[in-house]
Each structure stands twice: as structure tokens, then as C-alpha cells.
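Hi,

Here is the structure I promised to pass on. Have a look at it first, and my notes follow below.

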Amino acid sequence: MSSLVERLRVRTDRRPIYSLFDDSDDEVDKKSQPSQEIFEKTIRPDAKDESCQACGGEGDLLYCESCNYAYHPKCLLPPLKAPLPSSWRCPECVSPLNDIDKILDCEMRPTVADDSDASKTGSKQVFVKQYLVKWKGLSYLHCIWVPEKEFLKAYKLHPRLKTKVNNFHRQMSSVTNSEEDYVAIRSEWTTVDRILACRGEGEEKEYLVKWKELPYDECYWEFESDISSFQLEIERYHRVQSRYDKVSSSKQKSGPTESTESKPKPREFQQYESSPEFLSGGSLHPYQLEGLNFLRFAWSKQTHVILADEMGLGKTIQSIAFLASLFEEDISPHLVVAPLSTLRNWEREFATWAPQMNVVMYVGSAQARAVIREYEFFFPKNSLKHKKKKSGQTVGESKKELTKFDVLLTSYEMINLDSASLKPIKWECMIVDEGHRLKNKDSKLFSSLKQYSSRHRTLLTGTPLQNNLDELFMLMHFLDAGKFGSLEEFQQEFEDISQEEQISRLHKMLAPHLLRRVKKDVMKELPPKKELILRVELSSKQKEYYKAILTRNFQILTRKGGAQISLINVVMELRKLCCHPFMLEGVEPEDNNEFTKQLLESSGKLQLLDKMMVKLKDQGHRVLIYSQFQHMLNLLEDYCNYKKWQYERIDGKVPGAERQIRIDRFNAKNSSRFCFLLSTRAGGLGINLATADTVIIYDSDWNPHADLQAMARAHRLGQTNKVMIFRLITRGTIEERMMQMTKKKMILEHLVVGRLKAQNINQEELDDIIRYGSKELFADENDEAGKLRQIHYDDAAIDRLLNREQFGDEDAVLDDEEEDSFLKAFKVYISSITLL
């Protein structure tokens, strides 16, 4: 790890020494070193007379109170900045180890002899135990290795230090990752991401640095000499500053009236005939160029729109191209609201396609967001002090005109949490990714965003309507409350949506506001995908518990007019059981050996998954596995560990920055990760996992569009292989009935933008779902007819399942009427089943 730090750290010729002075916030030190204490002076024979003990230079020295050492403030680690402390003791008198932020690593390393001892000890190196430490108030750039003997010396004065070391060893022993996965300091943490501010001049010049993959509350001031290898980032900072200086000076020349009223006016629509030169990420596909022109035309007509392209067609890139085209006309700032898991990808795509734009990601802790607001939102007001009227009023530079960023990326949560900071900004364009989140007018997100001021609004969604026309109306109401004002009137007007005349009228109403393309029309070179539904038998243990749940809840199931919540609880128990009996409370064995033995044999789905995964691994495929339940993902993790397969995982508990790290690790060239475990909701939105070519839906979502989103993570732009999608359904159970109902609803989908007028599941349907398959389940086990219906997958059947050469024309060419290719891919796999 030291080689990494040494490689990335460009050190000056001063020798860094860590300092500790009385205003430390550690109570132990305050007690042991009161500010009024008079120390007996220690005379050190090696002290350099009137010179710095570190560099040997003279002038501006800081003298130790308790010995005859002196140092330049800049030669200490961290360098002391004005105002200097009135009383100070050098590192030789007070151990610097009290100011350790965290211990990162421990290993046997060679000692390096001091200059003064080199002649006595010779150059022979001795390996001793050393700790890699990060100091309080300093970045990872300044981490150093400290010999264990220094810790032992400091334990008496600083008992907390021993606790910190013990905690470190305890954490290291509990690290579950393999040794190659543990990295004490990631290279990103010592790589400059952004520079936020600058202070000082000459050798004392410092920059406030945000480091890659670290939040804003871990920004630190660094001397220019320490980050001299990051000239591009330094130049970028000065370029942003100079942009403001030009605007400021031009406004000063133009006078008060013009500066307050000069606003970019909407220009006449200018169509791009080819991919714009200002996009540095490559050329847009023809349909993406069409999307860019659609967005620009809507902007010129002040029409709010939905870009509803099917998942995987690059809505993000089209949106960035649109914002970059506005940037060329000096129109900003813009707001992009997206799911937390996709923000890193948005940031990366902006850096690829429009690096000229200043894009800030607004997420993180309260402290991190405070840093962003202080340094990234607005240019410093003090630069405007000279712009005063005679009356003393400042010439009208509003906060909006002082905005420092061009695009602010933020999550749904921040829209609600920090509306006080975000709402006052006058946004030019607001883009809401996964815009179907706004289908509920009673949601906090809907009401919050409606209050934001923006000249233009664009929604991005691959599923503009998931259940009924009312949801589509709410999206249109969010965009244009004047044109789409009354839901009741809308419902009356389109009461019978099956009539051709009403469909035609609705299309005409939506046309200016909605653009939708599907893969089969615009990406004919995209490899085909094929979805198979694999019906699986319950294991004997699952059948036993399935019967028990139905029996235990007999009264609830037979009582007419019973509480719906009770039925929902039964449904949830049965859904969990279909995944794995260990999902039920008290079923999982405590003994590790028994757990491993029963993990596979007690779940029909996991038995089939095991047969498939072994062959997929041998054939060199890579797999995404989706589940609704975190507990099931835990069991799948246990299974992967048992098989000694490397994997990644994303669920709702994984923070945004860590999600992107895991995605990058999986997508990396020659990645060792075989599979990715994902929760359908957290891992199904807006992320690119096209390096995988197999998707397994372990358990289906109530909303089939959530599963469609999950499938689109692999079948999208960038995919070079045929994609196989396997949906596991337990036969004769609640799962099979749910799938039948979902399929029935999806049949009517192609009417509007391809969705039906449906209702939520009612109590009668819940009852029907639970009862489904119970007759066969409670039938005599010796019933021959029942045995014939059972499904068994042998090796030959698995081989036929996984054979990608069987892709036929009917899989690649989809029906023209089909909107999202959902039903054509819905093929229950029968031909390869061996019946008992």
C-alpha cells in the first residue's frame, strides 16, 4: 500500500512531522497539558541552533515550550497555519499518535534509520510491525506507516489509543472479503476529483480538494505542491472561475439595468442534421439525434415532454446532449433528479459526453451537503462588493445569476429533504429520471417538485404507464397542469378506451408531449433476447410448510369479508416459502453443517438454480440474479460462498457511491465476478450491466414492469451477446397464479402507449391467488395423475435450456403491435421437460 501512496503523493522536500498542540479536542490531553503549565526545559544535544529541526532552514521558527527544538510551521504535519498557537510543544515532547483518525492496515515492514543513526546502525533493514494511519484533518494522501514501538510508547499517556488499536484488530479479523479484495487505501481516495476553492499565494497556495469516491465532508486543504500532478483538475477549477470573472466584468460594463434584466431568451428552433461537435463521447445514433431534436423543439415551443424510449436505448445520453446544446447557448442552471443508484452513472456520462459543463452531484450527509452548498452552489459574494449603487444597494445580481454549477444532479430524497436550499433557485430545465415515480399526485416527491420553479420540464421513463390511464394523466398533469387539469374530465372523456375514435383522440392529445421508440424498431443490430418461464416443483419441506400455512390460516381463508390485511400477510408468507423455507422464521437450522446441507435440498428453486449456475459458469457466461427479498439475497450469498464464486451485491441498503464501485468492479475488463445479486427495485433502475448475458428472475414482482426494468440492465446498448432470461415460478402455487393474472393484464397493453385500464388487486383476487393449487397440494401423495404433472429437470433438459444456438427468428423479430416485447418472450418452457 505504501507504494501507492508514495506514487500518488508528490511531496515537497520538507520532512513531514505531525504536530500536536494544546487546543486538541481530546479531554485526556487537556487534563495532562493545561495551557498555563510551566514545563521544565529539556536540552536535546542534537538540536539545530536557531534552525528548523526538519529542514535546517532559518527564519519564522516555532519554538517548543518544553525543549530546545524549533520548526517551521510549514514543516510540521499537518503544517500549522496562522494564527499560530501561543503555547506549543514539538512532536518529540508530545506523541502525535493522539491525533490518529483511523488505522487502515498492519504489516511487517522494514524500518528506515534516521540520518542521525545511520552511521551507528549501518544500512541494515529490520522488519518490524507497523501500522498505516490516517491523521485527523488530513487526506489519505498523507497516510504514513508508524512502527508499533511508537504506539507502545504512547499507550501510557493516551489509553484511548490502545482501544483504537484493539478495535482495528477486531475489525480486521471479522473482514469477510478475501485477502485480494481488501485494500487499505483505494487509489481513487488519493486522486483529485474536484477543486472547490483556493487560498494563499506562491508556496503557501492551497486548494480545497474533493477526492474521488469520497464524500464532500472528507474534503481537505492541500498545498499546490502536493497535488501538482493533477494539473487538469487545477486548470478546470480556474476555468470555471474565469467564466464567472468574464460574466461579472461584462455585467459591470453593461450597467445596472442590463445586468438585472439580461436573460437568455428562447431562440428559434435549430435542428441538428448530424451529431453535434460539442459532444465528446462519440456520435449519436440516428434515433438519439431525433430524440435530441424532439427535446430542442419542445424547449423552443415551451412544451413540457416525456421521453419514453424503451429501457436501454440511451435516454440519459439524449438528455445530456440536450442540456449540452443549451449550455452552448449560455443557458443554465439545470436540475436532474434521478434514483440514488443511477447518479454516479449520470455523473460519468456527463464527464464522457459534455466535460465542458460544471456538473455537481448533491447527495450525502448533512455535513457533506453543507460543504456543497458553501463551495459549489454560488460564486463568492465578496467578489461583488465593489458593485454598489450610490444608495448603498447592491446591483441586482440574484442568487440565480451567481450560480456556479451548470447542472445539479440529485436524488428524490434530497428534493424533499433540502427543498429550502433547492427551491429558491430558478432552474432553466428540470429533468426527472424514472419519471413514472410521479404517477401518484399524493406523493411527497410530486408535491415538492411541483413547487420548484423551472422554465422547462422533461420526464424520462421506459414505462410511462404501468397500471392505468390515470397514472399517465398524473404524469401529464405534472408537466402541464393547464392542459391536463381535471382527472375527472379526463376519465369521462376516455371512459371507453377500447373505441378506436377515443384511442385516436388520446394519441393526438399526447403526441406533442411524448416520444417513444422501442429496441426492435431502432436497434436492429442489438442481439436478441429470449425469456423462458421455468416451472419448478416445491421440495418436500416446502410442501410441508405450505400446507401448514394454509391450515393455520384456515379461518381467515374461509371467513367471508375478512380483513384484507390478513390475506396479504398470508400471501407474503407463501411468497417467501416459494423462494426458500429458510425465509420463514425459525426454520433455518442453527448448526452450520446442517445449514449447508439443507440450503440446497430444501428449496426446489435453488436446486434448479444450482444445476443451471454450474453449467453457466463452465460455459463462461455471467449472470444477474434478481430477488424481491433481502433475506433471499443473503441465502444466495451463502450459496455463492459455498461454491467459492466471486460475486457482487446491490440492495436498498448499499449507499450510492458504493453501488457504482460494485457495478464498475463487475463490468471491469477480465472481471473475476461471475454473478451479481440484486434486489429488483434497487438494482433494476437505470444501471448498465451489459457485460452479463444471463438474467435470472428468482422471484417475480407484483408489478411486471419492475421485472422488465431488471431485464433491461443486460439487454441494452453495449450488449454483444444473445441474452437469456429465466423466470423461476413454483408450479401449482401462489406464484403461478400471480403470473397468470399478470399475463392476462398485459395482453391488453398496446392500446395507448401500450398500457391498459386496470385496477389494483382486490380482496377476491387475493383469495383466488392463495387458494390456487391447494387442491393438488392436499391430494393423496400416491395419486398417479398428480405425479404425472410433476416436473423434473435432468442434465439433458438443462443443456437444452441453456443452448443459445436455438434462438429462432420468432425470438428476434417481434410482433408489430407489441409495445415492450413482454408477452412474446413469455414462453413457458415445456419441450425440454422430462416428466416423471
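Three strands make up an open sheet in the order E10-E11-E12, and their pairing is antiparallel (strands pair if DSSP finds at least two bridges between them; helices, H or I, of at least four residues and strands, E, of at least two are DSSP runs, numbered from the N terminus). Strands E10 (192-199) and E12 (220-223) are the edges, each pairing on one side only. On average, neighbouring strands of this sheet are turned by 40° against each other, direction ignored. E10 and E11 (residues 206-211) pair over six bridges, and Arg 199 has Glu 206 in E11 as its bridge partner.

Helix H11 (residues 366-377) lies across E10, E11 and E12, and runs at about 65° to E10. Axes here are lines fitted to C-alpha atoms, for helices over the stretch in contact, with angles from 0 to 180 degrees between N-to-C directions.

Before you go further: this is a predicted model, where local features need pLDDT of at least 70, side-chain atom pairs count only at pLDDT 80 or more, and totals for chains, interfaces and linings use all residues. Residues are numbered from 1 along each chain as its sequence is written, and side-chain values use heavy atoms, with hydrogens and water left out.

The other spot I liked is a helix pair. The axes of H22 (residues 592-601) and H24 (residues 630-643) come within 11 Å and cross at roughly 110°, so the two are roughly perpendicular to each other (65 to 115 degrees; under 35 is roughly parallel, over 145 roughly antiparallel, the rest oblique). H22 brings Phe 595, Thr 596, Leu 599 and Leu 600 to the contact, and H24 brings Leu 635, Asp 638, Tyr 639 and Tyr 642 (contact means heavy atoms within 4.5 Å).

As for the chain overall, it has 32 helices and 28 strands. Of its 836 residues, 52% count as buried (under 20% relative accessible area, with exposed over 50% and partly exposed in between; 1.4 Å probe, protein chains only). Among contacts between residues at least 6 apart in sequence, 73% join residues at least 24 apart.

And how confident is the predictor? Mean pLDDT (confidence in each residue, from 0 to 100) is 76 for the chain, with 73% of residues at 70 or more. Strand E15 (residues 359-362) has the highest mean, 96, and strand E28 (residues 834-835) the lowest, 28. Over residues 809-836 the pLDDT is below 50, though this stretch has 70 contacts in the model beyond near neighbours in sequence. Where pLDDT is low, the predicted coordinates should not be read in detail.

Cheers

Methods
pLDDT = per-residue confidence, 0-100.
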